[in-house]
Amino acid sequence: MTDRRIVVTGGAGTIGSHVVDQLLDAGAAKVVVIDDLSRGRVENIAEALERAPEKVELVEGDIRDIPLVKKTIAGADAVFHLAALRITRCAAEPRVALEVLVDGTFNIIEASVEANVEKVIASSTASVYGLAEEFPTTERHHPYNNDTFYGASKAFNEGMLRSFKAMHDLDYVALRYFNVYGPRMDAHGKYTEVLIRWMERIEAGQPPLVLGDGKATMDFVHVKDIARANILAAQADVTDTVYNIASATETSLIDLARGLQEAMGASGELEFGPERSVNAVPRRLADISAAERELGWKPTITMHDGLVELVQWWRSVKGNV
Ligand SMILES: NC(=O)c1ccc[n+]([C@@H]2O[C@H](COP(=O)([O-])OP(=O)(O)OC[C@H]3O[C@@H](n4cnc5c(N)ncnc54)[C@H](O)[C@@H]3O)[C@@H](O)[C@H]2O)c1
């Protein structure tokens, strides 16, 4: 990354802002964030802007804006593409999702070809698997069990990247993140994560509200570990491929809620409510051996340490809304 000029789409978001921090750590010469701030926040990159004002630039704009995307990517050595809408918003507004996740991604890829970008690192998702048929799930698992518009868009993005590698030799790596958590999760918006809602309830002396029977499992991975996977994917001698990024550990919602209570110094009963309708996948468990072998990546932050850090961060920012 040393002396490289990097563009990070969605760089003011949860994961993108950690990618920005780690790009600075890795010695990047210039990091240009393009983000429309529809969900991301300038606060997320405030530290980076303060730490290296000459290196970090925020372009407040939309990846649907083709001239702006081309201008921003011109001269870039690498592009980290993270801008996207949440799965719930994709279900509520599929046409907007089509424009942002599909057309927007096309704009990024096309501009990257024109700018002779060395590599695009794209954010994909475990949602492409839907409810998997095999556990642990490898990257070779088929995508036909996905029934979400979000997962369909991401699967198409992976296909678009493959086709541009074949047509224009654009190098890329796509990373399928499983369940992401950590500091800078959206604590403010309409599509706020379940962990944030639980922290609010626990802090107010209420039990966390678990949707469904709580036995559904997820494969949680800390946002800083995900950011590190992005940097390694750019550095490793790999292209035209996709990796699962997860902890390879199943955690039930009940265990997650209890772990959060413990991290907040609370205890007591949980409360249960109706299952949510979008993406109610009952089990996730990734095989991450390809990322370990080919990227030299594995998760380093335990669930307990990650939850304690999340709580500390949330307590420090929650008064600012
Ligand atoms: N958080 C997860 O659990 C998870 C899991 C799998 C994959 N992902 C993927 O990882 C990437 C980053 O996710 P995140 O959790 O950091 O989400 P996030 O919402 O925090 O970040 C996305 C960023 O994109 C920006 N954005 C949205 N639409 C835009 C547009 N039209 N133009 C410019 N910027 C736009 C938002 O303002 C936000 O800052 C996304 O591609 C997401 O699909 C996330």
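Which helices and strands each supply at least two residues of the lining of the largest cavity? In this predicted model, the elements that do so are α5 (94-114), β5 (119-125) and α6 (149-168). Helix α6 provides the largest share of that lining, with four residues.

Two cavities of 30 Å³ or more are counted in the model. The largest cavity has a volume of about 80 Å³, and 13 residues line it. Among these 13, the residues that lie nearest the centre of the cavity are H81, A122, S123, K154 and N157. Sorted by class, the lining of the largest cavity holds six nonpolar, five polar and two charged residues.

The second largest cavity contains about 30 Å³ of space. Its lining is made up of Y129, G130, A132, F135, T137, F178, R283, R284 and L285. Five of the residues lining the second largest cavity are nonpolar, two are polar and two are charged.

Attention now turns to contacts between charged side chains. The model has 24 salt bridges in total. One of them joins D186 to R39, with 3.2 Å between the closest N and O atoms. D186 sits in the loop between β7 (179-181) and α7 (194-203), while R39 sits in the loop between β2 (30-35) and α2 (46-51), so this pair ties together parts that are 147 residues apart in sequence. The two partners can also be described by their accessibility: D186 is buried, with a relative accessible area of 8%, whereas R39 is partly exposed at 24%. Both residues also belong to a network of salt bridges that links R39, R86, D186 and E193.

A further salt bridge is formed by K70 and E114, whose closest N and O atoms are 3.2 Å apart. K70 belongs to helix α3 (residues 66-73) and E114 to helix α5, so the pair ties together parts that are 44 residues apart in sequence. K70 is partly exposed, its relative accessible area being 30%.

R315 and E203 form another salt bridge, in which the closest N and O atoms are 3.0 Å apart. This pair links distant parts of the chain, with R315 in helix α11 (residues 303-317) and E203 in helix α7, 112 residues apart. R315 is partly exposed, with a relative accessible area of 36%, and E203 is partly exposed as well, at 33%.

Conventions. Residues numbered from 1 in each chain as written. Predicted model: local features only at pLDDT ≥ 70, side-chain atom pairs only at ≥ 80, totals over all residues. Heavy atoms only, no water. 1 Å grid on protein atoms, 1.4 Å probe; cavity = no way out; pocket = protein on both sides within 12 Å on 5 of 7 lines; lining within 4 Å. Points joined across faces, edges and corners; volume = space filled by probe spheres on them. Nonpolar A, V, L, I, M, F, W, Y, C, P; charged D, E, K, R; others polar. Salt bridge = Lys/Arg side-chain N within 4 Å of Asp/Glu carboxyl O. Buried < 20%, exposed > 50% of the residue type's maximum accessible area, 1.4 Å probe, protein only.
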